[in-house]
Amino acid sequence: EIVPIVVKGLDDSFHEVKKETCRFVVDAPNLLSRGDLEGHMETILKCIVRNMSHPHFKVRLMLVSAVDALVGLKPPKALIDKFVVTILHEVCFDKAHQVRRKSYDSIASWLTLLDDDDEAEEAEAESEEAEAMVPAGPRVPVYAEILLPFYLLGLLDEEEAIRESAGRNLKSLCEKNSENGCYLSADMDVGDEGSQEDHVKGMVRFHLRYITGVCKRDLAEWTASKKLAAARLLNTATKLSEADVTPYLDVVVPLLFGAVGDESEEFAHLVVSS
């Protein structure tokens, strides 16, 4: 009964109604159980997507807060990929710096969320003191692969305050992930006592194949702004990871050939210097 009211409030033509409805969604996890909301997240997220182009930046800001509350409940990856990614394509390039700042702050918190199965297995292993029960290979935050490319754009934002905040938060979230046993493996040369920069390097390096794939896709876009953002992302990711790009030549080489003939000098420089 509540969800149709929420949908009606989000779609209401009066912006104050939209904002108050968003406040309810933000408070909903404190009022309702995860189980109560789980079956209705798609309906709410779909409605938020419809409203992300609202002209009032304060409405868009509250919509991001509503998304933040829902993602904190750890919905299925399919919903993140289908709806949250669509929302991030809007808000990470929002003309209002307040919306972009809130978006990157939210993504930073999502990048530390672990799968419930991982948390249960860790608790079981610790309680029984049986290290053999810990899953093989590095643990990975549940949405990291999908969301990290968006977050790295914050390091390139036109607002200095956002760039600095994103940089600080990236180091903090990578350190937290390390404390939770994420991205720790022998071939990464990153351990519990590594520096914050080491933890950032390990996380970005782990997802570099996916990031370069995203860059390849977006660099094929006809819009100059999206191509330039992809070039900046590729440049930032390769520098942060300090990785050998040889394994990604199938992605990088076509990008180099494409950049040579591009009319944008900045675009060509970013791709070639990556």
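So, helix α1, residues 2–10: which of its residues are buried? In this predicted model, they're Val 3, Val 6, Val 7, Gly 9 and Leu 10. Now look down the axis of α1: those buried residues fall within an arc of 165°, so they line one face of the helix. And what sits on the face turned away from that buried side? There you'll find Pro 4, Ile 5 and Lys 8, which are exposed. As for what covers the buried residues of α1, that includes α2 (15–31), α4 (41–51) and α5.

Okay, let's stay with α5, because it's roughly parallel to another helix, α7. Helix α5 covers residues 57–71 and helix α7 covers residues 97–110. They pack at an angle of about 5°, and their axes are 9 Å apart. The cut-off for calling two helices roughly parallel is an angle under 35 degrees, so that's the label for α5 and α7.

Who's touching whom here? On the α5 side we have Phe 57, Arg 60, Leu 61, Val 64, Ser 65, Val 67, Asp 68 and Val 71. They meet Gln 98, Val 99, Lys 102, Ser 103, Ser 106, Ser 109 and Trp 110 in α7. Sort that contact by class and you get seven nonpolar, five polar and three charged residues.

Next up, aromatic rings. How many aromatic pairs does a search of the whole structure find? Two. When we describe a pair like that, we give the distance of the centres and the angle of the planes.

Let's start with Tyr 104 and Tyr 151. Their ring centres are 6.2 Å apart and their planes are at 85°, so this pair is edge-to-face; the cut-off for that label is over 60 degrees. Tyr 104 is in helix α7 and Tyr 151 is in helix α9 (residues 144–153), so to speak linking distant parts of the chain, 47 residues apart. Buried or exposed, these two? Tyr 104 is buried, with a relative accessible area of 3%, and Tyr 151 is buried too, at 0%.

Then there's Tyr 183 with Phe 206. This pair is edge-to-face as well, at 5.4 Å centre to centre with 70° between the planes. Tyr 183 sits in the loop between α10 (160–179) and α11 (196–206), while Phe 206 is in helix α11. They're 23 residues apart, and again the pair links distant parts of the chain. Tyr 183 counts as buried, at 4% relative accessibility, whereas Phe 206 is partly exposed, with a relative accessible area of 34%.

Definitions and conventions
Residues are numbered from 1 along each chain as its sequence is written. This is a predicted model: local features need pLDDT of at least 70, side-chain atom pairs count only at pLDDT 80 or more; totals for chains, interfaces and linings use all residues. Side-chain values use heavy atoms; hydrogens and water are left out. Axes are lines fitted to C-alpha atoms, for helices over the stretch in contact, and angles run from 0 to 180 degrees between N-to-C directions. Helices (H or I, at least four residues) and strands (E, at least two) are DSSP runs, numbered from the N terminus. Angles under 35 degrees count as roughly parallel, over 145 as roughly antiparallel, 65 to 115 as roughly perpendicular and the rest as oblique. Contact means heavy atoms within 4.5 Å. Ala, Val, Leu, Ile, Met, Phe, Trp, Tyr, Cys and Pro count as nonpolar, Asp, Glu, Lys and Arg as charged, and the others, Gly among them, as polar. Rings of Phe, Tyr and Trp (its six-membered ring) pair if their centres lie within 6.5 Å; planes under 30 degrees apart count as stacked, over 60 as edge-to-face and the rest as tilted. Buried means under 20% relative accessible area, exposed over 50%, partly exposed in between (1.4 Å probe, protein chains only). The arc is that of the directions from the helix axis to the C-beta atoms.
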